[in-house]
Amino acid sequence: MDFSKGIVAGDDSFKGQKWTILGQPYRPLHLTPSSLLMHAEFGPGSFVPTHVHETQDEILHILEGVMEFELEGRTINAGAGDTVSLPMGIAHALYNRSDALARALVVVSPTGRMYDYMIAISGLSDPAEVVRLGAEHEIQFV
């Protein structure tokens, strides 16, 4: 997709666009070559396994609920209003270990192939395929 001039949520390009990634909904809100902003919902017990973005920083701002992050052997707990930075090149994992829904704004910068990856994996139910496609889109699962 050509997003060289940017796309925002009010733009018809995003109208009704929603991705389901292994059962969890994501919605794109902003897209330029330098950043991708998404709204994400993490159901109780959901997680994103350990992975590395070699070329991108990932930042989550928690809107609701509680999330747990593993980063460089540390466990970070974050609740509503907290922001967690996951630097490029460092393996990390995300968990909602609570019994309640967690919502977050997720920023990936620079965008790289992340937007295309989200489209490619939306609706897939096979984690192995999600991992395989990650390798093709600059994301390595550990």
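Predicted model: local features only at pLDDT ≥ 70, side-chain atom pairs only at ≥ 80, totals over all residues.
Local features required pLDDT of at least 70 and side-chain atom pairs pLDDT 80 or more, while totals for chains, interfaces and linings use all residues. Residues are numbered from 1 along each chain as its sequence is written, and side-chain values use heavy atoms, without hydrogens and water.

An open sheet is formed by five strands in the order β8-β7-β10-β5-β12, with antiparallel pairing (strands are DSSP runs of E, at least two residues, numbered from the N terminus; pairing requires at least two DSSP bridges between two strands). β8 (74-79) and β12 (139-141) are the edge strands, each with a single partner, so one side of each lacks a neighbour in the sheet. Strand β7 (residues 66-71) is joined to β8 by six bridges, and M67 stands opposite A78 in β8.

L36, in strand β4 (residues 35-42), is buried at a relative accessible area of 0% (buried, under 20%; exposed, over 50%; partly exposed, in between; 1.4 Å probe, protein chains only). The C-alpha atoms of L36 and V107 are 5.6 Å apart, although the two are 71 residues apart in sequence.

Six salt bridges were found in the whole structure (a side-chain nitrogen of Lys or Arg within 4 Å of a carboxyl oxygen of Asp or Glu). R103 and E41 form one at 3.3 Å, N to O. R103 lies in strand β11 (residues 102-109) and E41 in strand β4, so this pair ties together parts 62 residues apart in sequence. R97 forms salt bridges with E68 (2.7 Å, N to O) and with E70 (3.6 Å between the closest N and O atoms). R97 is exposed at 51%, whereas E68 is buried at 16%.

Conventions: Helix = DSSP H or I, 4+ residues; strand = E, 2+ residues; numbered from the N terminus.
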